Amino acid sequence: MYHVGKVVEIFHSDDKNIVSFENNTQALLDMWDENLITLGIDPHISKQVKKNDILLVDYNQTRTGPKMVAVKVLRGDIAKKTWDRYKQHFEKLRNTKGATAKQSYVG
């Protein structure tokens, strides 16, 4: 299973305003269903991620729970179409379930 989120902030370990004991990169994401989460970015793409990018997040299950790692950066037309489609789906869910319905990602 995968979900999409829009990058709000990026936390690079080499940022002068961040003190870190590891070299991984994380991102604060505004998810398609209005959840706000921080998760890791796969090291292969971490230097290419920018604010407002749309990230595809891997939620496939492992023995300890979902992976919750950003694995693809979507830009341009495919990013807009994907984000808009998810948001349309969320609005449809909201209208049928009520405004407080939230998607559960974990568990």
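## Exercises on a predicted barrel model

Leaving out residues up to four places away in sequence, Ser46 touches His12, Thr25 and Ile41, where touching, or contact, means heavy atoms within 4.5 Å. The model is predicted, with local features needing pLDDT of at least 70 and side-chain atom pairs counting only at pLDDT 80 or more, while totals for chains, interfaces and linings use all residues. Residues are numbered from 1 along each chain as its sequence is written, and side-chain values use heavy atoms, with hydrogens and water left out.

**Exercise 1. Describe the setting of Ser46: where does Ser46 lie, and is Ser46 buried or exposed?**

Step 1. Ser46 is placed in the loop between strand E3 (36-41) and strand E4 (54-58); helices (H or I, at least four residues) and strands (E, at least two) are DSSP runs, numbered from the N terminus.

Step 2. Ser46 has a relative accessible area of 7% and is therefore buried, since buried means under 20% relative accessible area, exposed over 50%, and partly exposed in between (1.4 Å probe, protein chains only).

Step 3. A polar atom of the Ser46 side chain lies 3.4 Å from the backbone oxygen of Pro43.

**Exercise 2. Compare two loop residues: how far apart in space are Ile45 and Asn35, and which residues is Ile45 in contact with?**

Step 1. Ile45 is placed in the loop between E3 and E4, whereas Asn35 lies in the loop between E2 and E3.

Step 2. Ile45 counts as buried because its relative accessibility is 16%, and Asn35 counts as buried because its relative accessibility is 17%.

Step 3. From C-alpha to C-alpha, Ile45 and Asn35 are 23 Å apart in space, although they are 10 residues apart in sequence.

Step 4. Setting aside neighbours within four places in sequence, Ile45 is in contact with Ala70, Val71, Lys72 and Val73.

**Exercise 3. Trace the sheet: in which order do the strands of the closed barrel run, and which strands does helix H1 lie across?**

Step 1. Read along the sequence, the protein follows the pattern β-β-β-β-β-β-β-α, with 1 helix and 7 strands.

Step 2. The closed barrel has 5 strands in the order E1-E2-E3-E7-E4, with mixed pairing; two strands pair if DSSP finds at least two bridges between them. Neighbouring strands of this sheet are turned by 55° against each other on average, direction ignored.

Step 3. The pairing of E1 with E2 is antiparallel over 6 bridges, and Gly5 stands opposite Met31 in E2.

Step 4. Helix H1 (residues 76-97) lies across E1, E2, E4 and strand E7 (69-74), running at about 115° to E1; axes are lines fitted to C-alpha atoms, for helices over the stretch in contact, and angles run from 0 to 180 degrees between N-to-C directions.

**Exercise 4. Find the centre of the packing: which residues of the largest nonpolar core touch the most other members?**

Step 1. A nonpolar core is a set of buried Ala, Val, Leu, Ile, Met, Phe, Trp, Tyr and Cys residues joined through side-chain atoms within 4.5 Å.

Step 2. The largest such core has 14 residues, of which Leu29, Leu39 and Leu55 touch the most other members. At least two residues of this core come from each of strand E1 (2-11), strand E2 (25-31), E3 and E4.

Step 3. Among the residues that Leu39 touches, beyond those up to four places away in sequence, are Leu29, Val57, Tyr59 and Met68.

Note on methods: A polar contact is a pair of N or O atoms within 3.5 Å; within protein, one must be able to donate a hydrogen and the other to accept it, and residues adjacent in sequence count only if both atoms are side-chain atoms.
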